[in-house]
Amino acid sequence: MVREWDPRTASSAEIVSLLDTLNAVLAVDLPQDPPWRESSLREYLAEVMPGERRISWVAQAEPATDGTPGSLLGQVNVLLLGNIGVLEVLVHPSARRTGLGRDLVLRAARRVYQEGFESIGVEVVGDTPAIAFYESLGFSREYVETRSVLDLSGVDWAELAEMSTGVGAGYHVEFHPGGPPDELIEAYARAKAEIRDIEDGELRPSSYDSQRLRDSLDCLHRRGMKPYIVLALHEQSGEVAGLTEVVVPAQHPTRADQYDTIVVQDHRGYGIDRAIKARMLMELRSAEPQLTEVQTWNAQANEAMLKVNAELGYRPDRDWCEYSVDVADLVHRLDNSR
Ligand SMILES: CC(C)(COP(=O)(O)OP(=O)(O)OC[C@H]1O[C@@H](n2cnc3c(N)ncnc32)[C@H](O)[C@@H]1OP(=O)(O)O)[C@@H](O)C(=O)NCCC(=O)NCCS
């Protein structure tokens, strides 16, 4: 049975059941990824940025003979933002290839269509069944990034300490757990407007103005995701010349996520990228002692950043693909194939 589902009011048993399904999916599709924990999972599923909405549906197994509710075997959620609906679909490995994934997508696509959105986007992990799934539904591949993972146990910390000081004269590197300080928010947002070197997928827009930046930091905190920031200040102008952001999620605190790294155009060529990333890793080592890995996503064309990441010890892991589809076409196709 597929039904609309609200994580804010769901029972704890449902949250745990969804976690079990997510971890069963990870064990089969991404066995090197750490399993997720229950910590702040409800908030992770429920909290959104102002102006965005997330709508979810779950597929629940039949109740047991003693009346115990069935487990959640699948989930779809769609985040409505801008002019696009961003989809996430999960089906428990034991329930796959029965048409459940297709049903869940249809349910979400109909709503996205009714809400007047034109397209649906989805991030799809390379070398998993999801590629064949979305291609069978007529989604087309727009963009491919490479995910790379750094194993902190292999890091040469002495070398990293040296890298972290290798920034040109006239720059000052600072570490800010929790987010940039208030007095730097405006300068930080200006640097974020420099989008050429973003390490982020297009489905995760950066925060270009200071209010959106504040909102996005608040949202991260509410979702149980702790941001850490290292920035390079240009001493003469007081401008933020470069920044790097890492988030440690309560749901998988042993593997952190690298978010944006930006070096503003005028400040390139002074070793800022390498220095701020090295400093970040050193700070994380003491701030988050349980951390064992950091993962990052890069455009394949971004050779400069891939080179620095390789020097730091990141190893390419998987393709991370962005697919999209016209909503009206998708609904029409799925309705006709039933
Ligand atoms: C992708 C996913 C949702 C598919 O769910 P599903 O219920 O098995 O999909 P369906 O049964 O509706 O399949 C629909 C069509 O997709 C295609 N498809 C699905 N899985 C496939 C596979 N393993 N190989 C080839 N084609 C496949 C087929 O064309 C299938 O139709 P068919 O069974 O009639 O041939 C499921 O595999 C999943 O949850 N994957 C994890 C997704 C994810 O987000 N992971 C993130 C962390 S890894």
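A: Two strands pair if DSSP finds at least two bridges between them. Strands (E, at least two residues) and helices (H or I, at least four) are DSSP runs, numbered from the N terminus. The model here is predicted, so local features need pLDDT of at least 70 and side-chain atom pairs pLDDT 80 or more, while totals for chains, interfaces and linings use all residues. Residues count from 1 along each chain as its sequence is written, and side-chain values use heavy atoms, leaving out hydrogens and water.

Q: How do I read a sheet, and in what order do the strands stand here?

A: Strands of a sheet pair through backbone hydrogen bonds, either parallel or antiparallel. Here 12 strands form an open sheet with mixed pairing. The order is β1-β2-β3-β4-β5-β12-β6-β11-β10-β9-β8-β7. β1 (2–5) and β7 (171–177) are at the edges; each has a single partner strand, so one side of each lacks a neighbour in the sheet. From one strand to the next, the twist averages 25°.

Q: In which sense do β2 and β3 pair?

A: Antiparallel, over eight bridges. β2 covers residues 53–60 and β3 covers residues 72–81. W57 stands opposite V76 in β3.

Q: Which strands does helix α1 touch?

A: Contact means heavy atoms within 4.5 Å. Angles (0 to 180 degrees) compare N-to-C directions of lines fitted to C-alpha atoms, for helices over the stretch in contact. Helix α1 (residues 12–29) packs on the sheet and touches β1, β2, β3, β4 (84–91) and β12 (315–326). Its direction makes about 95° with that of β3. Helix α9 (residues 303–312) lies across β6 (140–151), β10 (255–263), β11 (293–299) and β12. α9 runs at about 160° to β11.

Q: Is C321 buried or exposed?

A: Buried means under 20% relative accessible area, exposed over 50%, partly exposed in between (1.4 Å probe, protein chains only). C321 has 2%, so C321 is buried. C219 is buried too, at 6%.

Q: What does D260 contact?

A: A polar contact is a pair of N or O atoms within 3.5 Å; within protein, one must be able to donate a hydrogen and the other to accept it, and residues adjacent in sequence count only if both atoms are side-chain atoms. The D260 side chain makes such a contact with the side chain of K192 (2.9 Å). D260 sits in strand β10. D260 is buried, at 1% relative accessible area.

Q: Which residues come nearest to the ligand?

A: A residue is near if one of its heavy atoms lies within 4 Å. Of the 18 residues around the ligand, the nearest are V91, R97, G99, G101 and R102. A polar backbone atom of V91 is 2.6 Å from a ligand oxygen atom. For a polar backbone atom of G99, the distance to a ligand oxygen atom is 2.8 Å. R96 has a polar side-chain atom 3.2 Å from an oxygen atom of the ligand.
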